[in-house]
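Subject: Structure handover

Hello,

The structure we discussed is below, with its sequence. My notes on what was found in it follow directly after.

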Amino acid sequence: MFSYYGSKSKIINYYPSPKYNRIIEPFAGSARYSLKYYENQCWINDLYSIIFDIWRWIQNATMSDLEKIPNLKKGDDLRNFDLESDLKKLLGFAVNYGSAFPVNLYTNWASKSHEIETLKKKLLKYIGKIKHWKITNYNYLDIPNEEATWFIDPPYQHGGYLYVENKIDYTELANWCLSRKGQIVVCENSKADWLPFTTLKRIQGQASTMTTEVIFTQ
Ligand SMILES: C[S@@+](CC[C@H](N)C(=O)[O-])C[C@H]1O[C@@H](n2cnc3c(N)ncnc32)[C@H](O)[C@@H]1O
């Protein structure tokens with residue numbers, strides 16, 4: 001939906017399909033897995049409050065909210081537009097490609113009209129269609145153990161420090177993953193050793209370096 005550091009947008013089609021109608025993404029970020037199966041009973045959760053605010057805004061947005069997103073022209077300054085604060089957070093991600101946090105409003109927004117148009121098109125596709133989702137702002141440890149497809153994409157063991165919320169005990173997380181009821185899909189990259197991961201796909205990471213995405217399923 002929006003650009004985010006660690007988003008699975010480029011490789012989402014390589015992950016197994018859900019076996020359960022209930023999908024739980026405890027580390028949702030831009031929630032690429034739930035979006036792919038948005039008609040399912042999705043529960044997205046993220047401890048980062050800005051991510052939570054953005055998803056609540058998207059869930060409740062109407063066509064008239066989308067019409068308020070300005071078509072920026074050269075010379076326009078977004079500070080002159082009266083926008084809701086949660087929408088500003090969403091726009092802040094849309095124009096800050098692949099970042100773990102939104103940019104503030106003191107950017108050269110006029111040069112970002114393409115990114116804002118792209119965001120609008122994506123919003124248009126999902127508007128009114130995710131009202132049935134559950135969206136929460138918990139620490140992952142506080143999510144009850146329901147039978148579901150668990151798509152678990154935590155901050156990487158090596159590299160996850162860029163997230164605003166990044167304090168993970170990986171031994172505790174491994175035990176928590178293994179105790180989930182239902183189908184488990186865990187994402188990491190090949191440097192991780194907290195579960196017996198296998199190779200999923202080699203992709204281009206940040207700064208043009210190649211990285212290998214790995215997976216653990218059960
Ligand atoms: C790798 S990102 C998820 C990316 C997502 N799969 C996507 O496609 O955009 C990991 C997310 O975990 C969140 N997070 C970090 N610690 C957390 C915790 N203890 N509980 C819940 N979420 C947490 C971060 O805020 C971040 O959004």
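An oxygen atom of the ligand is placed 2.6 Å from an N or O atom in the side chain of Asp 46. Please keep in mind that this is a predicted model.

A polar side-chain atom of Asp 153 lies 2.6 Å from a ligand nitrogen atom. At Leu 47 the backbone takes part: one of its N or O atoms is 3.2 Å from a nitrogen atom of the ligand. Taken alone, the ligand exposes 610 Å², and the protein buries 99% of that area.

As for the site, the ligand sits in the second largest pocket. The ligand is surrounded by 24 residues, and the closest are Tyr 4, Ser 30, Asp 46, Asp 153 and Glu 165. By residue class, the shell around the ligand consists of 13 nonpolar, six polar and five charged residues.

The other item concerns cysteines. How many disulfides does the structure hold? The count is zero. Cys 177 is in no disulfide, and the nearest cysteine sulfur, that of Cys 187, is 9.9 Å away.

Regards

Note on methods: Residues are numbered from 1 along each chain as its sequence is written. This is a predicted model: local features need pLDDT of at least 70, side-chain atom pairs count only at pLDDT 80 or more; totals for chains, interfaces and linings use all residues. Side-chain values use heavy atoms; hydrogens and water are left out. A residue is near a molecule or strand if one of its heavy atoms lies within 4 Å of it. A polar contact is a pair of N or O atoms within 3.5 Å; within protein, one must be able to donate a hydrogen and the other to accept it, and residues adjacent in sequence count only if both atoms are side-chain atoms. Accessible areas come from the Shrake-Rupley method with a 1.4 Å probe; for residues, only the protein chains shown count as cover. On a 1 Å grid over the protein atoms alone, a cavity is a set of points where a 1.4 Å probe fits but cannot get out, and a pocket is an open set with protein on both sides within 12 Å along at least five of seven lines; lining residues have an atom within 4 Å of a point. A molecule sits in a cavity or pocket if more than half of its atoms lie within 2 Å of its grid points. Ala, Val, Leu, Ile, Met, Phe, Trp, Tyr, Cys and Pro count as nonpolar, Asp, Glu, Lys and Arg as charged, and the others, Gly among them, as polar. A disulfide is a pair of cysteine sulfur atoms within 2.5 Å.
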